[in-house]
Amino acid sequence: MNKKDFSRNCLADSLIDLLEDNAYEDISIQDIVDKAGFSRMAYYRNFKDKNEIIEYYLDNLFESYIRKVDLSYNRLGAEQFFKYLFEFFSGQEMAKITRLFLKRNLVGALYNQFIKRVQGEFLPNQSHYFYDFLAGGFFAISLAWIKNVLKESAEEMTKEAMKYITWLKEKRL
């Protein structure tokens with residue numbers, strides 16, 4: 001890992017740690033750099049604001065999963081595609097981050113990251129409305145599932161999602 005990535009990761013981890021006990025709007029740049037053990041100059045060399053840190057953190061989280069699993073909808077088919085996504089959302093780190101972001105009213109950042117990923121990488125050549133529809137529905141049931149303390153397994157949630165996909169296909173909507 002190069003020095004820039006190391007600094008960025010430390011700053012991002014510091015912000016996430018601070019979110020455990022503090023509201024997002026109450027966390028200052030000074031709080032972040034103090035927690036990371038860096039200077040304000042190091043902060044500004046790497047990020048313009050806290051939102052950029054959140055985006056960087058989520059980019060890394062999503063990228064690490066995408067590298068592990070080739071999330072190609074066309075290659076996998078709908079059922080396996082959804083299973084992998086539910087496994088991602090139920091993973092220890094993602095579930096923890098989702099709960100934290102729910103607590104701190106940062107769910108919009110998660111949703112934006114999810115839309116960004118779905119739009120180009122998983123399902124190429126679709127209209128943006130299609131991506132919004134699919135991602136919004138999946139995201140909403142994933143949040144409800146996490147709020148429900150992941151009572152169902154990823155496989156059970158996949159079956160649930162497939163009911164909706166099957167219904168849409170049958171209705172030709």
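Guide: In this structure, α7 and α9 lie roughly perpendicular to each other. Keep in mind that the model is predicted.

Visitor: What angle do α7 and α9 pack at, and how far apart are their axes?

Guide: Two packed helices are described by the angle between their axes and by the distance between those axes. Here the angle between α7 and helix α9, residues 128-147, is about 90°, and the axes are 10 Å apart. Angles of 65 to 115 degrees count as roughly perpendicular.

Visitor: Which residues make the contact between α7 and α9?

Guide: From α7 come A95, T98, R99 and L102, and they meet L143, I146 and K147 of α9.

Visitor: How do the axes of α6 and α7 cross?

Guide: Helix α6 covers residues 78-90 and helix α7 residues 92-103; their axes come within 5 Å and cross at roughly 65°. That angle makes α6 roughly perpendicular to α7. On the α6 side, F88, F89 and S90 take part, and they meet Q92, M94, A95 and T98 of α7.

Visitor: Let us step back to the chain. How many helices and strands does the chain have?

Guide: There are 10 helices and 0 strands. Read from the N terminus, the order of elements is α-α-α-α-α-α-α-α-α-α. The C-alpha atoms fill a box of roughly 60 × 30 × 25 Å along the principal axes.

Visitor: What share of the contacts in the chain joins residues 24 or more positions apart?

Guide: Counting contacts with a separation of 6 or more, 65% are between residues 24 or more positions apart.

Visitor: What share of the residues is buried?

Guide: A residue is called buried when its relative accessible area is under 20%. By that rule, 43% of the 173 residues in the chain are buried. The accessible surface of the chain is about 9,800 Å², and carbon and sulfur atoms account for 51% of that surface.

Visitor: How many positive and negative side chains are there?

Guide: The chain carries 25 positive and 25 negative side chains, with the centres of the two sets 1 Å apart.

Visitor: Now a single residue. Where is E52 placed?

Guide: E52 sits in helix α4, residues 50-68. Its relative accessibility is 26%, so E52 counts as partly exposed. Leaving out residues up to four places away in sequence, E52 touches N46 and F47.

Visitor: How far apart are E52 and A12 in sequence and in space?

Guide: They are 40 residues apart in sequence, and 9.3 Å apart in space from C-alpha to C-alpha.

How values were computed: Residues numbered from 1 in each chain as written. Predicted model: local features only at pLDDT ≥ 70, side-chain atom pairs only at ≥ 80, totals over all residues. Heavy atoms only, no water. Helix = DSSP H or I, 4+ residues; strand = E, 2+ residues; numbered from the N terminus. Buried < 20%, exposed > 50% of the residue type's maximum accessible area, 1.4 Å probe, protein only. Contact = heavy atoms within 4.5 Å. Areas by Shrake-Rupley, 256 points an atom, 1.4 Å probe, with all protein chains shown as cover. Lys, Arg positive; Asp, Glu negative; His and termini not counted. Charge placed at Lys NZ, Arg CZ, Asp CG, Glu CD. Axes fitted to C-alpha atoms, helices over the stretch in contact; angles between N-to-C directions. Parallel < 35°, antiparallel > 145°, perpendicular 65-115°, else oblique.
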